[in-house]
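Hi,

Here is the structure I promised to pass on. Have a look at it first, and then read my notes below.

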Amino acid sequence: MDKAHRRVLDRALGYLCNGADAVCDDLERCGGVPRLNSMTGGYGWDDDYVWDSWADFQWVGFLTGRLWLLHLLTHRQRYGDAALRLCERIGPVLARHPTVFSSTGIDMYYALTLGHQITGRDDLKAWVFAGGDNFANIFDRKAKAFLQIARADRIVIDTGLNLPSMLWASQWEPERAALAYRHLDTVLEIGLIRADGSNCHAAALDPQTRAVTGLFSLQGWSNDSTWARGQGWAMLGFAHAYEASRDPRYLDAARRAADWYVDHAPQGWVPRYDYDDPDRETLPYDSCAACIATAVLMRLARWLPDRAERYRSVARETLQALLANFLTTGGVVLHGSWGRMRHIETGKPRLGRFPQEDVMPYGNYWIAECLYRELSDDWSVLSLDGHA
């Protein structure tokens with residue numbers, strides 16, 4: 001690694017530590033559970049952990065995962081102590097309640113699973129296993145897939161993000177990953193990764209038969225367009241599946257999605273919220289899509305030697321663009337968007353402010369993972385199969 005690039009990475013790491021120190025200070029002062037403010041990238045504090053609501057979800061797992069990685073990179077114990085304290089708030093809740101909202105899988109992996117990988121604490125692993133059992137509550141046996149939300153009539157490309165704890169747990173009990181693999185197989189069978197490698201965001205289900213009635217986009221420009229973050233989710237979900245199983249079908253799916261992403265890298269490297277919106281140049285970026293995809297390209301480069309140089313080049317250029325133009329001195333990744341959220345009904349909670357920008361919960365974690373993968377050769381703590 002050349003010295004100039006190393007200086008950029010070290011400076012960015014300092015920015016992430018600035019934000020982490022502010023969170024640790026608040027946690028020591030007032031306790032509670034942190035809630036991301038998507039307008040500022042800062043955190044408020046709640047008395048209780050919210051596990052059962054889309055509109056009120058706190059995204060605490062991503063913050064906890066970021067603290068774990070910063071603990072490893074800097075050897076600062078306060079980051080590890082803060083991460084463990086947050087795990088102790090959310091772990092017993094996830095172990096106790098049937099899942100109703102798939103994003104609790106984020107909290108299981110990025111908080112509890114990473115925590116066990118780092119600390120070896122058995123209580124974290126036990127909470128992950130119990131949480132995985134509870135996650136089966138949103139598996140639709142007729143549709144052969146996990147639902148985004150309990151009783152919802154849709155399957156979404158995002159859900160691969162929420163399954164890695166179950167894949168990881170299969171090292172000890174292989175059946176723990178059975179529903180996760182069945183879900184990912186269904187995603188491939190119904191065509192949420194198109195023939196050209198681009199993603200379609202969602203599949204609609206018949207309320208009675210649970211058969212797929214059509215493919216559509218929840219947050220992109222149109223049903224036929226390519227939503228940027230969905231492309232990152234497609235890459236990530238199948239990279240996770242391959243890492244845990246070493247099944248070449250999953251590597252092929254991740255490769256096809258990654259090839260599409262690389263082939264459509266825009267000027268400046270960071271995509272707008274949708275690749276096909278005719279007004280995209282005046283609409284928000286999706287910086288967190290770039291953060292997710294960059295981390296996945298780094299992983300795929302180790303598994304696909306024929307594409308390694310190209311993937312690493314795009315990952316390096318994109319990371320440099322993110323650190324130069326999207327990351328604040330407080331460690332916040334700016335210029336993100338929930339997207340159009342076209343499925344939101346009148347009078348129902350609306351997360352995003354499209355076409356205004358928001359700070360997304362995903363980017364602030366994945367920029368830390370990108371830095372970790374750039375600065376560390378040993379990725380075993382993030383591994384789903386027990387290997388580096």
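**Notes on the sheet, the core and a buried asparagine**

I155 stands opposite A203 in β6. Do keep in mind as you read that this is a predicted model.

That residue pair belongs to the pairing of β5 with strand β6 (residues 202-205), which is antiparallel and runs over three bridges. Zooming out, you'll see an open sheet of three strands in the order β5-β6-β7, with antiparallel pairing. Its edges are β5 (154-156) and β7 (212-216), each of which pairs on one side only. On average, neighbouring strands here are turned by 20° against each other, if you ignore direction. Helix α7 (residues 178-190) packs on this sheet and touches β5, β6 and β7. The direction of α7 makes about 95° with that of β5.

Now for the core. The largest nonpolar core has 133 residues, and the members that touch the most others are Y362 and W366. Helix α10 (residues 287-303) gives this core its largest share, 13 residues. What does W366 touch, once you leave aside neighbours within four places in sequence? The list is F62, Y110, L161, W233, L236, C291, I292 and A295.

Helix α10 itself is mostly covered, with 16 of its 17 residues buried. I also looked at its length: at 1.5 Å a residue, the 17 residues of α10 should span 24 Å. The end C-alpha atoms are 25 Å apart, so the two values agree.

Then there is N364, which sits in helix α12 (residues 361-375). Is N364 buried or exposed? Its relative accessible area is 4%, and since buried means under 20%, N364 counts as buried. The side chain of N364 reaches the backbone nitrogen of V333 at 2.8 Å. Not counting residues up to four places away in sequence, N364 touches L36, G41, R66, G331, V332, V333 and V359.

Strand β1 (residues 33-36) pairs with strand β2 (residues 43-46) in the antiparallel sense, over four bridges. Within this pairing, P34 has W45 in β2 as its bridge partner. The hairpin of β1 and β2 has six residues between the strands, and G41 takes a positive phi near 85° there.

Over to you, and happy browsing!

Methods:
Residues numbered from 1 in each chain as written. Predicted model: local features only at pLDDT ≥ 70, side-chain atom pairs only at ≥ 80, totals over all residues. Heavy atoms only, no water. Pairing = 2+ DSSP bridges. Helix = DSSP H or I, 4+ residues; strand = E, 2+ residues; numbered from the N terminus. Axes fitted to C-alpha atoms, helices over the stretch in contact; angles between N-to-C directions. Contact = heavy atoms within 4.5 Å. Core = buried A, V, L, I, M, F, W, Y, C linked by side-chain atoms within 4.5 Å. Buried < 20%, exposed > 50% of the residue type's maximum accessible area, 1.4 Å probe, protein only. Expected span 1.5 Å × (residues − 1). Polar contact = N/O pair within 3.5 Å; in protein donor to acceptor, adjacent residues only side chain to side chain.
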